[in-house]
Amino acid sequence: MAVIVALGAFLMTLAGGWTAQRVTDRRHLVLGLAGGLMLGVVGLDLLPEAMHAAGSEVFGVPLALLLFVGGFLVAHVVERLLAVRQAAHGAENGGGADGHGDSGGRVPQVGLTAAAAMVGHSVADGVALGAAFQVGGGMGVAVALAVITHDFADGFNTYTLTRLYGNARRKALMMLFADAAAPVVGAASTLLFTLPEEPLGAYLGFFGGALLYLAAAEILPEAHHKHPALSTLMCTVGGVAGIWLVVGLAD
């Protein structure tokens, strides 16, 4: 049953990616919505779940929060190191004055890494789905609702992140299909084993911090850079509100 429900998540993820690529003439609105969706997923879904699952503390700080901050810092450090490397490479090859490529200084590998993290998160979604159905049908239906509905946001964000950093459309579609297949793989894996709750919570905390960095430091500033319009801001607020609605319905 969990695998069958995961097929619905597969289709919903593809629908999210298809929507992201079809509205390129309103790119600022797409990025504003993506930033809101990511902020909502982190603050209203990932972090509360991580706090619940990874309940232990390290020097008085909940492990999930510690890893959340660690994920934020790791994403920042990795992006800066890759940016410095790209700038040096551009200078060696006689690049422009700013030393940046066609993606406006963004490093394509960062986009691919972020999309790969989204794929890993979707695998965890599938594992959670399979585990919920092992607990009982009611729990399975509740988790299925949450997974299927927010996988639209996952597909939307996976495609948007990959393209935002200057990757080709072919790579963005490849990452989108990988993200769509991930819940099915995760759900099927629960037929063989069950992932302990605490490591899953730790992963969600770390991933949430990295995702928040991308939303706050990259996607939202880009959305408002050339189009500081009220409509862009409303898309961001609407994205957060949409995730809040999904979380509320799932509960």
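By class, which residues make up the lining of the second largest pocket? The lining has 13 nonpolar, two polar and one charged residues. Keep in mind on this tour that the model is predicted.

**Stop 1: the pocket**

Select Ala 75, Thr 113, Ala 114, Ala 210 and Leu 214. Of the 16 lining residues, these lie nearest the centre of the second largest pocket. Now colour helix H3 (63-92), helix H4 (108-135) and helix H7 (197-225). These are the elements that each give two or more residues to the lining. The space in the second largest pocket is about 260 Å³.

**Stop 2: Leu 67**

Stay on helix H3 and pick Leu 67, which belongs to that helix. Show its surroundings, leaving out neighbours within four places in sequence. Leu 67 is in contact with Ala 202, Gly 205 and Phe 206. Next, draw a line from the C-alpha of Leu 67 to that of Gly 208. The two residues are 141 places apart in sequence, yet the C-alpha atoms are 8.8 Å apart in space. Leu 67 is partly exposed, because its relative accessible area of 26% falls between the 20% and 50% cut-offs.

**Stop 3: Phe 59**

Check the backbone. Phi of Phe 59 is near 50°, a positive value in a residue other than glycine. Most residues other than glycine have a negative phi. Phe 59 has a relative accessible area of 86% and so counts as exposed, the cut-off being over 50%.

**Stop 4: Thr 158**

Go to helix H5 (residues 137-164) and select Thr 158. Is Thr 158 buried or exposed? Thr 158 is buried, since its relative accessible area is 0%. Not counting residues up to four places away in sequence, Thr 158 touches Ala 115, Met 118, Met 175, Leu 176 and Asp 179.

**Stop 5: helix H1**

Finish at helix H1 (residues 2-22). Now select the buried positions of H1. Among them are Ala 2, Val 5, Ala 6, Ala 9 and Thr 13. Further along H1, Leu 14, Gly 16, Gly 17, Ala 20 and Gln 21 are also buried. When viewing down the axis, recall that an α-helix has 3.6 residues a turn, so residues three or four places apart point the same way.

Methods:
Residues numbered from 1 in each chain as written. Predicted model: local features only at pLDDT ≥ 70, side-chain atom pairs only at ≥ 80, totals over all residues. Heavy atoms only, no water. 1 Å grid on protein atoms, 1.4 Å probe; cavity = no way out; pocket = protein on both sides within 12 Å on 5 of 7 lines; lining within 4 Å. Points joined across faces, edges and corners; volume = space filled by probe spheres on them. Helix = DSSP H or I, 4+ residues; strand = E, 2+ residues; numbered from the N terminus. Nonpolar A, V, L, I, M, F, W, Y, C, P; charged D, E, K, R; others polar. Buried < 20%, exposed > 50% of the residue type's maximum accessible area, 1.4 Å probe, protein only. Contact = heavy atoms within 4.5 Å.
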